Structures are given as C-alpha cells and as structure tokens.
Amino acid sequence: MSRPGTATPALALVLLAVTLAGVGAQGAALEDPDYYGQEIWSREPYYARPEPELETFSPPLPAGPGEEWERRPQEPRPPKRATKPKKAPKREKSAPEPPPPGKHSNKKVMRTKSSEKAANDDHSVRVAREDVRESCPPLGLETLKITDFQLHASTVKRYGLGAHRGRLNIQAGINENDFYDGAWCAGRNDLQQWIEVDARRLTRFTGVITQGRNSLWLSDWVTSYKVMVSNDSHTWVTVKNGSGDMIFEGNSEKEIPVLNELPVPMVARYIRINPQSWFDNGSICMRMEILGCPLPGEPEFHYIAGAHGNEVLGRELLLLLVQFVCQEYLARNARIVHLVEETRIHVLPSLNPDGYEKAYEGGSELGGWSLGRWTHDGIDINNNFPDLNTLLWEAEDRQNVPRKVPNHYIAIPEWFLSENATVAAETRAVIAWMEKIPFVLGGNLQGGELVVAYPYDLVRSPWKTQEHTPTPDDHVFRWLAYSYASTHRLMTDARRRVCHTEDFQKEEGTVNGASWHTVAGSLNDFSYLHTNCFELSIYVGCDKYPHESQLPEEWENNRESLIVFMEQVHRGIKGLVRDSHGKGIPNAIISVEGINHDIRTANDGDYWRLLNPGEYVVTAKAEGFTASTKNCMVGYDMGATRCDFTLSKTNMARIREIMEKFGKQPVSLPARRLKLRGQKRRQRG
C-alpha cells in the first residue's frame, strides 16, 4: 500500500543505478576496428541457440580518419653508466641486463634515456601504435595533482620515507628522520620492491623521470629499473625489449633528474617502477614523475523505466537485461565484455515505485489503463520536467533580444527550483542525477505502444497539437530510433496489426514525438536542452502490464534491441580538450558546423559527441582560451573517432593571471576614463 512519504526513500533505493563498468577488471582491449563488430542475434531463445557469429551492424547513412598523435623523437646519444651499481643477489637468475643505448636530451640539466622499440604483448594493456610520438605532460607528482592516495609501494622503511614522499624534487626536512624525508625508500633491498601510481583513468604513459634521495648525509639512488603497467593493479605487463623485459638505466647520482621514454607508449590505468639495481652501499630510494596523457573516459549510458508506474514491462525488461549482461560477462561473451568494459552503464528500473504499488494491487488485467500512472502526489513524471523549449524558441523569435540564450545547457527557471513548485521528488532526483553524471545517450522505456519516439516532444506552434518539430540533430535521433526499432522483432514488421489506432510503419517504427502528440516538459526535451544527453522514449509493448507468462516472449522481442541501442553510445567523435600544459579544460564548448546545438566537456576535459558518418568541422572553445578548429571524420565502423584539442590562453587571460598574482586587476579603459573625469570635476568644484 502506498503511503505519504514513501516516494523519497523508495527512490533512493532505485537511484542506486546499476553501474556495470566496474564488473571484473577495468581492462582495455586492443584498439582494433574489428573489435567493435556487433552481433546480430538469432530470433531463437538465447538458451537454445549456438554460439552467435559476429557481424557488423552499420547504418545505411551518407558517408571520415581521426587525428594522429604527434611523436617527437629526440636525438640519440649513448647513455652513461651508473656508478658502482649494486647487482642482484646471486641466487636470482634474472639479474638485470645492462641498459641498451637510447635517446638523449640535454634540456636544462635533465638527462634523457630511452631504448629500442619494444615488441607487442599479448595482454589486454593497449600499446599505442602511432607513427608520431605524442608529447605528454607530467601527471603531477611534483605539483601534487597526484594525491597521496594514488601512490603505493611494496614496502617502506618508515612513514617519512613512504610512497607519498616519492615525488620529483621533493625536499627533506632539516631532521631527515622525521615525517618529511626526501624520497620513497623500500623496507628491503631486493628485486621484489616497487612503487606505483594510480592515474585513476586510462592514460597513455610515455616516460618516467627519476631522482635519488634528497639527503645531506646519505647516498641512495636506483641505477636501473623495469616499468610495468596494469588496468586492474593485479595483472601486470612489463615493457619489453625485443623478447625480454626492458631494463631502463636510472640515476648515477641523487639530484639530477633522468628521463627515460618508453619505446612505445602504453595505455593503462596503473604504472609501476620495479628497481633492479641500486648504488653500492646505498638503499632502494627514489623520487619520480610520470609522463602521460589522460584518455577520454568511458561514455555514460542509462536506461530508465517506470516513469508511469503502471507501465510495468519496461521495469521487468531492465531487470532481465541486468541479469543477462552479468551472466554473459562472466561467460566471457566477447560482445558483452567489450560493451561493459568500454561503457559505464546505469540502470534505473523503477522511477515511480509508488505508482507501481498501486498498479500491482490491481494486477495485470484489472488495473485498467491508468491506475498507477501518477506518483503518490498525483504528478505525471513523464512531463514534469522544466519546459526549456519555450525559453529557447522565444529567444530565437526575439532574435536574442535583450540577451542571447545558448543553444544548449539552458538554465532551469528559478520558479521551478522553488519548494512550492509542483515538482515530484522523483523528478528532482533525476535532474540532480543527470547534472552530476555527463550522460551521452539514454533511453526511457514506456508501454502501451510499439514505437521509438525522438525529440522534440513539444510542438513549436502553440496552437497546434501535432506538428513535426525536429531538433538540430534530427538525423542522429532518427538513426538512434531506427537502431532500436529495426532490431526489435515486431516494430518494423509490416504484417503486424497496430496496437490501437496509430500506424508507425511509414517511419519504420519511429516517430517524432511532437508529430505524434505534443508534451511540454518531457524528459527527452529537457535532457537535450539542459545536458549533453540524447534521450529517446522507447515504447516496448502494446500491453502496459502483460501477464507474467508473456515475459519470456517480450524479452526475446526486445533483447537484441536493448543491446544494440547501448552500443550506439560509441558513435560520433570523442576526445580531450586540454590547455598547453596538458591539463583538461572542463566546461569547454564543442561546436559542430552546420548543427545549431553544442555540448560541453566534463570535469577532466573529455567529451563524447554523437554524430552520423561524415566529415565535420569541429570547434572547441573555452573562456579565457583561443578557440581551435579542425576537421573530424566519422566512419561507418563502430567506435567514436578521436578528435583532441589543445587550447592556448588568450593574451588578456595571461595578463589577468599575472596581475592577480600580484594583487592587481587589469585596467578597464572606459572605467578608467570615467574615474578620471570624476576626479577632474571634483577638482574644479
């Protein structure tokens, strides 16, 4: 029985969205276009069919390569030998090899060492295969961007020599036996010691800089080491030199930094330094910095069901989907493994639990058409979101007078945020959820029809109840809708009879929401105008609340479509927007020429922009930076095209930084003139 006040705690449980990206290791498969091949599943029940074959699922759309990363090779120069390296104990058969000759740079006082090209490895860590080496910045051990919690070590001599002290150029305190010593020092001197960095996201590692211990009295430094990378901190891949592990030459004294470039950049989350020899009469102690470029994070996808509590089929399908994906992942189904490890999947199966309780009391046949549709407070969540369409269209009709309204990230009106507004607790929770997580694609499952509806849902002409009202991304939305409908067992079947009165076969099981029936404040329109998310409504069955005996058939009708729709989150372009120091720029605007709708970068500067195949002129811009434009090609193969941007600060932004540093502000010339005129008037008076 529904009771006052039950919506909020029930929703709190529902909003524990099932995030499948964390299942198993956070692995990263080799960047192979064939890996994105999609499986077209047979129509037999899943348990009765043989192992499916992989096929390519590509759109029949008008017809581009992504940007290559630059390599900047340094001039070769023979490396120096470390003074009196301490060799491994004789019982160890894997004694370190002498470091091979490599590259060398004399920038400032830093010595650079790199070795010959490494062989590929069979593990799941990616080996970047570019013709030109990208210059990656430091991760930030020295600047403290990498926190103490991201540094770990096998053993430590004591707290003051812990992993958190293994930062490049860190200085020891006056008393070197206190909490502030000058390096990480291992608790034992053997070949099993290591220090590692958790980058907390996939990163293209390109080099390691090392120093010895900062000390007035002791001489401790590492003279050679191995480098290993991992995606889960359990399975490690060692950087290779031909068929064997590569040994990097370390330091020959304790203060001069030595840079070793990896022969081939490695893509992983964790990097580990494993000392192989150290200065005679010294200990394993080192300070370090890691060079690496963060990669775009995984795209965020969500499914929502049960906005109308009596539309129960969507809720059941999502629960079955979660079960299916987990089972297939554990069975190592290649398609599902790739989907889970490359996508952050969120599932919210029951948005309106109070409405569901009411519908459940009536049952599948006796509940009628509307019992349980609304929340406990009598609100229809499906059209309870702020109407941002009208704000945008009125501004366009006024030609942006008195002020310009953006074509994306339109602010929620203040009246909607007030406590007295008629807004369901569930609606507010979903808005907060969507503002917190940068979703790229989403589908909300509904019932009572067999069709996929795409925005806009609100007609532009206020006197009409039906009017085709496309978004600037109409071609993308139509493809997304078709990707679900065309893989559903019945949606595009011309032989099936209509559910009620509408025949959607002329658009192959899809419809523009406003041309069907106008709805103000829909989730689809709100998502498109307030966030980066492209949201569609998926009507999964004629019967809102089918009998439980029909669930197996309904699951088979929708199973392939649910998987295919999730895979569409990997279409279009993706990348990072960074400043000249390699730091990601949050809230940067990504504009595509010819499409009057922008998106923005997330907190780390990464973005995903859904696009159909073709060539696009893309511009990245941010406040205080000079805009950058490039051509980006989107091909037919599944997998977003990489399109990165590096923005330089404007001259005015640099001036502001300098003046703010010294407690001053840039001079505004008009304000300065007014101030001088006022002073002259006072002097005359």
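Analyst: Y159 lies in the loop between strand 6 (151-153) and strand 7 (184-185); helices (H or I, at least four residues) and strands (E, at least two) are DSSP runs, numbered from the N terminus. The model is predicted, so local features need pLDDT of at least 70 and side-chain atom pairs count only at pLDDT 80 or more, while totals for chains, interfaces and linings use all residues. Residues are numbered from 1 along each chain as its sequence is written, and side-chain values use heavy atoms, leaving out hydrogens and water.

Y159 counts as exposed because its relative accessibility is 54% (buried means under 20% relative accessible area, exposed over 50%, partly exposed in between, with a 1.4 Å probe and protein chains only). Together with F179 and Y180, Y159 makes a nonpolar surface patch of about 410 Å². Patches consist of residues with over 30% relative accessible area and no salt bridge; like charges are joined within 9 Å, and nonpolar side chains (Val, Leu, Ile, Met, Phe, Trp, Tyr) within 5 Å. Accessible areas come from the Shrake-Rupley method with a 1.4 Å probe, and for residues only the protein chains shown count as cover.

The loop between strand 6 and strand 7 also holds N169. Although N169 is not a glycine, its phi is positive, at about 65°. Most residues other than glycine have a negative phi, and most peptide bonds are trans. N169 is partly exposed, because its relative accessibility is 34%.

R332, in the loop between helix 2 (312-330) and helix 3 (334-342), has a positive phi near 65° and is not a glycine. P455 and Y456 are joined by a cis peptide bond with omega of about 5°, and Y456 lies in the loop between strand 19 (449-454) and helix 8.

Helix 8 (residues 474-485) packs against helix 11 (residues 551-567) at an angle of about 150°, their axes being 8 Å apart. Axes are lines fitted to C-alpha atoms, for helices over the stretch in contact, and angles run from 0 to 180 degrees between N-to-C directions. The two helices are therefore roughly antiparallel (angles under 35 degrees are roughly parallel, over 145 roughly antiparallel, 65 to 115 roughly perpendicular and the rest oblique). L480, S483 and Y484 of helix 8 meet residues of helix 11 including N558, L562 and F565; contact means heavy atoms within 4.5 Å.

E567 forms a salt bridge with R335, the closest N and O atoms being 2.8 Å apart. This pair links distant parts of the chain, E567 in helix 11 and R335 in helix 3, which are 232 residues apart. A salt bridge is a side-chain nitrogen of Lys or Arg within 4 Å of a carboxyl oxygen of Asp or Glu. E567 is buried, because its relative accessibility is 7%, and R335 is buried at 5%.

Helix 10 (residues 523-530) is largely enclosed by the rest of the structure, because 8 of its 8 residues are buried. In the protein as a whole, 55% of the 685 residues are buried.
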